[in-house]
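Keep the 3D view open as you read.

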Amino acid sequence: MTIHASNFAPYPAGRPRRLRRDSFTRNLVRENSLTAHDLIYPVFVTDGKQQRQAIASMPGVERLSLDLLLPVAEECVKLGIPVMALFPVIDGSLKTVDGKEALNPDGLVPRVVRELKKNFPDLGVMTDVALDPFTTHGQDGLPDANGYILNDETIEMLVQQALTQAEAGVDIVAPSDMMDGRIGAIRSALESRKLIHTRIMAYSAKYASAFYGPFRDAVGSAGNLGKADKKVYQMDPGNTDEALREVAMDIAEGADMVMVKPGMPYLDVVRRVKDEFKVPTFAYQVSGEYAMLKAAAQNGWLDHDAVMLESLLAFKRAGADGVLTYFAIDAAKKMRQG
């Protein structure tokens with residue numbers, strides 16, 4: 001529908017400010033809203049006990065061992081946050097060129113998944129399907145002799161990683177690797193094992209972005225990656241039509257939900273994806289976005305809570321059904337306060 005000024009009463013018969021007059025009217029006519037149910041909380045988990053490691057580039061975010069993560073999961077349940085997304089911090093001694101620790105059924109991720117589902121069965125648990133936390137080179141896949149990331153050979157590993165996570169009881173597997181064809185391969189493998197209830201949230205439009213730096217610090221892949229990049233498999237930031245092709249392929253291959261990553265710099269992509277496909281669409285407010293807002297607030301340049309909630313509402317306005325955000329607990333608390 002095209003909206004023309006002639007469709008509406010001209011001033012003074014038409015006064016748009018009448019609907020902004022007071023809070024009850026603004027609440028009544030608000031087009032988009034944000035609730036705790038719109039949030040997914042990404043967390044970093046590490047081995048050991050009583051491990052709490054602050055992440056300097058992500059103020060307020062910590063790497064936690066399972067015993068300290070369980071109270072965080074309980075808080076999510078109490079606040080109405082529906083899903084926790086796990087990102088592992090693996091000991092360097094377990095990292096290899098092929099990332100085979102990702103397939104270990106008794107590894108960190110499966111153990112954490114089992115404990116979370118045992119203690120909080122109604123909390124959704126999502127896991128990352130990618131090899132970068134497990135590889136010595138920090139890439140999401142298997143390199144050839146020249147360092148180029150191989151597609152089909154990587155998929156074989158990703159399928160086994162996804163099955164390992166699903167068999168541990170995870171609710172949602174989220175392939176973030178951007179290999180061609182991995183959604184179809186994972187879906188077929190899940191079906192063959194009768195894991196028909198495991199949902200797939202595909203990182204369908206994941207860009208080769210400079211906003212991921214603090215995350216790589218958090219999972220310990222920054223040092224391994226060094227000066228290398230991921231441009232041969234993650235998307236070019238200049239492209240949006242390509243994002244629609246990627247999303248279309250993932251839906252056709254069996255994805256239940258799709259994601260755009262990063263978030264705020266790519267709201268135009270979120271809108272195009274939602275308008276085109278009308279499927280459950282998510283956005284990831286990534287570590288760099290979080291770090292920027294935190295740093296500005298700490299310097300007194302921005303109102304922390306106000307920009308936090310405004311930034312999250314922007315995702316909903318752009319068409320996202322939900323947001324992965326490190327602000328999830330703080331935002332849910334603030335919304336509960338009213």
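Leaving aside its neighbours within four places in sequence, which residues is Gln165 in contact with? They are Val109, Thr127, Asp128, Val129, Val170 and Val173, where contact means heavy atoms within 4.5 Å. Gln165 sits in helix H4 (residues 152-167). Here helices (H or I, at least four residues) and strands (E, at least two) are DSSP runs, numbered from the N terminus. Gln165 is buried, with a relative accessible area of 4%; buried means under 20% relative accessible area, exposed over 50%, and partly exposed in between (1.4 Å probe, protein chains only).

A word on where this picture comes from: this is a predicted model, in which local features need pLDDT of at least 70 and side-chain atom pairs count only at pLDDT 80 or more, while totals for chains, interfaces and linings use all residues. Residues are numbered from 1 along each chain as its sequence is written, and side-chain values use heavy atoms, leaving out hydrogens and water.

Now look at helix H5 (residues 182-192), where Arg182, Ile183, Gly184, Ile186, Arg187, Ala189 and Leu190 are buried. Just after H5, Lys194 takes a positive phi of about 65°.

Next comes the interior. In soluble globular proteins, nonpolar side chains tend to be buried together. The largest nonpolar core here has 109 residues, and Phe44, Leu69, Met84, Leu116 and Met201 have the most contacts inside it. Such a core is a set of buried Ala, Val, Leu, Ile, Met, Phe, Trp, Tyr and Cys residues joined through side-chain atoms within 4.5 Å. Helix H2 (residues 66-79) gives the largest share of this core, 8 residues.

Finally, step back to see the whole protein. There are 12 helices and 12 strands. The radius of gyration, taken over C-alpha atoms, is 21 Å, close to the 20 Å that the globule rule gives for 338 residues, so the protein is as compact as a globular protein of that length. That rule is 2.2 Å times the number of residues to the power 0.38. Of the 338 residues, 52% count as buried. Among contacts with a separation of 6 or more, 75% join residues 24 or more positions apart.
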